[in-house]
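Trainee: I should like to go through the reasoning behind several labels applied to this model. May we begin once it is displayed?

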Amino acid sequence: MASQQVLQTLALHLRNSISPDGKSRQAAEDFLKNAELQNGFSVTILQLVSMKNIPAQPTRVAGAVILKNFVKKYWVVGEDEKDRIHPDDRNRLKKNITDVMLNSEQKIRTQLGEAIHLICKQDFPAKWQGFLPDIISKLKQRKDAATISTVLEVLEMVVRRYRFEAASNRLWEEIKFVMDNFQDTLLGILEYLTGMIDGQKQNAAALASIFKCLDTVCQIFYSLSSQTIPEYFEDNINKFMKCYMYLINYYNPLLTPRDTDEPGPLENTKGGVCDIVRLYANKYDEEFKNWVPKFVENVWSMLTKTDEKGMYDQVVPKAIQFLTAVVEKEWHKNLFGNAQSIKVFAEKVIIPQLKLRDSDLEDFEVNGIEYLRRDIEGSDSETRRRTTVNFVRGLCKFFEKEVTLILQGYVDQQLKLYQSNPSKNWMAKDVAMYIVVALAVRGSTRAKGATQLNPFINVAQFFSKQVVPELKGNIKENPVLKADCLKFVAVFRTHLPVEAYLALLPIIARYLEHPNYVVHSYAAISIERMLAVKERGKPKLTKAHIKPFVKPLMSGLFTIFKHEESTENEYGMRAVMRLCSTGEEVLASITGAVIENITSILSKVAQNPRNPHFNHYLFETLACLINNICKADKSAIGSFEKALFPPFEQMLGMETCQEFGPYVFQILSQLLEKHTRMTGPYKNIFGALLHPQMWANKGNIPAMIRLLIAYLRVDHTIVGNKIEGLLGIFQKLISNKREDHHGMALIGAIIEFMPLDMWSKYATTAFGMMFARLSGKSKTQKFSCNFVSLVAFFCHKHGADTLVNLINAVQKGIFPELATQVIIPNIQYVQGDVERKSCAVGMVDLLCKSSTMLSAGPAWLQLLIAIVRLFELPESNTYEEEDVLDVSQRGFKTVYCRLAFAPEVVHDPVGDIADAKKYMAQGLASLSQKMPGKVPGMIAKLEPNYQNAIRQYLQGAGVSLQ
């Protein structure tokens, strides 16, 4: 227990940590930052938070926030990191935090609940088996709504990950542990809360608390059922479903939320029930089949009682998703299969849910980004319209012809209504177009749009009669319909002939200048996706096709970025990228204008980057232009460098755009790799590349290593007296398992491109660093394989005996042990065609040209076998310990995202050797001439399959052994 003086001091700094006075706040933050590194800090914070004599606001709430952040920061100990929390503090915190949470005010409960969740993610259940029994016992002791709600919310956070984690024995054991401890309690709480509802039907506050808890119960039930149906749930399915049925049917006007744009606890609970019954209809139909008709009837009834208010925006899509799950099952098709049922669904669900609401129109006008995110084909958002479209497609699975004929009648009806007064009834055509898209698409992918079509819908006819005339009309009229038609083009792009593309391009180009975000974004999307369509592996639209349209299209696309809402419009920039890719050298005449526009955008975006996808496409466009234009005109490299170096240098020095670093370094690498001699701009920035701050951002590392290798390849003399800086980077990188392969690539480039005498005095130090990794706990197969590749190339470049002498200089006589324990066992695991060839060539040099290996006896044969296995056995798919940098992330952290249009140069370091097998045969033949009779005698000791392989190599090379 901390003393009163310590607690008073801590309380003072907690209060000051949120003080409006900057000086006091900074002093408090500094104190807390230092204090958190002391043993007992977390326990003392928890003690203070539990003290009711200290005001909750601001002191104890601030303490709870600090504790949660402390747990988030230090509870998980990273690889090669020091544990900042003493084991006693961990145990005391876990022992007391639940009690403090349950006895605290709501704001504190929320923070401590999140802290418990973070602890459980790491420790539960293996290192905190007492958590669940303890919290359940408290739940049984205290039946007040606040306790029930808090405990359920914490448990819900703990089990939510079961929905997403990959199946494994460990996960199933954990779920079983939770079920064994909690299953009876969960059912008991569900029945207890459901039983309380009628008694509180006049008490709005009590009902709200009850339904908030019931919603959490539903979430827990769903999570526990996500992997497989627990035996207890199967045995008691009737008890659970009886309660859920009651909740689906329950209505009380007292629970109508004050803000009818947001769901209340009743709507949330019904949405949770719909999620459960959809899951069970999809995965556990055998156990759930008796309840399916009842829930279809009751969910349908619930749907018919909803309206367009925002409070139903979650429950309506969930209800429709359940109906879709059922209609797609053949054994339930009798519930939907008659014409009358389909008509009722059309009139009561499909048409009403497809109609635009006032809130949709408001988003279309003032929040286009959100509207498009929900509306775009392939979106996974669960909107009314999206789930209704999926429901129509679900109905078509078994009743395609019947559903099409009935809904086609509604399409004709809506189109007639529109034609009677287009300016007034435009929304009718919007509904008609949605029905057609829903009916027509039998299968689709994001990459290709609609891939399979409904044979009972004439898409071509609808396109020519309804879509093209609408797009040719006044662009200022009916912008929603214009967006619908542009979307139609994007969805059905693969089914349109190239003649239609050529007719559409100038029509759609007009809409790039439309002021509405959704309209000009869909125009960009449709252009980009037409350009991306391929037939037999080749673009449907060639550079010859688009040549007449390049200037107006590019001009229109850059107009998009002048609109306030579209300054970082990712769809527009992706279309620019695609146009550059397709146009290739056709864009030569406008390249200057394109670069000028891009550099201008770069300068603006760098001030406050917000959209990582936009940024990625922006740099992809640059990379694409450099590839295409410089391929046709090598002198254009200088123009790109002149335009790009000033903004790049500015960006690299800005705090606000550190995430641009990986892109900038890739573009610089791409440009430098096209040079045969070093130029001034690159010389000027080389020193800055070695600055430690540049390497502090992990995302920079892959691109900066590539850039340094490009420097060495073009002109190694640039290094000058900075070799120690390069080796410092190497040392930093190989000390980390995630980055060691980059360090090995750097030292490999030094070996390849720099004369040995420039760095030989550091060679033993460098190899000593590698030996430390190979002999320590941080050894991995990935590093071992990289080391094997490195020593193999060193053998070929500088000679096998040079390598052996260098290694023995690090530690006398260590080479034989290194060869048998590290090098030979890992040869087979080297990955990559070029790497395996280089490894084979270097190992042949070691085999045939090293006096040490020749006198090693059994090790020589082991090396020979390893080389043959490298030739004859397939490459391993993965290292035993996969530990590489994840480049798939997208976000605001500085991460490395590889540019597709700036691929790394494929370089064969042993390009002087055309055939590694022939090289081995020649090496063995040469060796046998020096030692007649010895080599055949050693090979004769091998198993027949190895002897046969070697014999084939010799025959292929036309040589023989003496």
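Trainee: Why is Cys795 called buried?

Mentor: Buried means under 20% relative accessible area, exposed over 50%, and partly exposed in between (1.4 Å probe, protein chains only). Cys795 has 2% relative accessibility, so Cys795 counts as buried. The model is predicted: local features need pLDDT of at least 70, side-chain atom pairs count only at pLDDT 80 or more, and totals for chains, interfaces and linings use all residues. Residues are numbered from 1 along each chain as its sequence is written, and side-chain values use heavy atoms, leaving out hydrogens and water.

Trainee: What makes Cys396 buried?

Mentor: Its relative accessibility is 9%, and Cys396 therefore counts as buried.

Trainee: How many disulfides does the structure hold?

Mentor: It holds zero disulfides, a disulfide being a pair of cysteine sulfur atoms within 2.5 Å. Cys795 is in none; the nearest cysteine sulfur, that of Cys839, lies 9.8 Å away.

Trainee: How do you know that the span of helix H44 agrees with expectation?

Mentor: Helices (H or I, at least four residues) are DSSP runs, numbered from the N terminus. The expected span is 1.5 Å times one less than the number of residues. Helix H44 (residues 858-872) has 15 residues and should span 21 Å; its end C-alpha atoms are 21 Å apart, so the two agree.

Trainee: Which residues of H44 are buried?

Mentor: Among them are Trp860, Leu863, Ile867 and Phe871. Their cover includes helix H42 (833-849) and helix H45 (916-930).

Trainee: Which residues does Met843 touch?

Mentor: With contact meaning heavy atoms within 4.5 Å, Met843 touches residues including Leu863 and Ile867, not counting residues up to four places away in sequence.

Definitions and conventions
Helix = DSSP H or I, 4+ residues; strand = E, 2+ residues; numbered from the N terminus.
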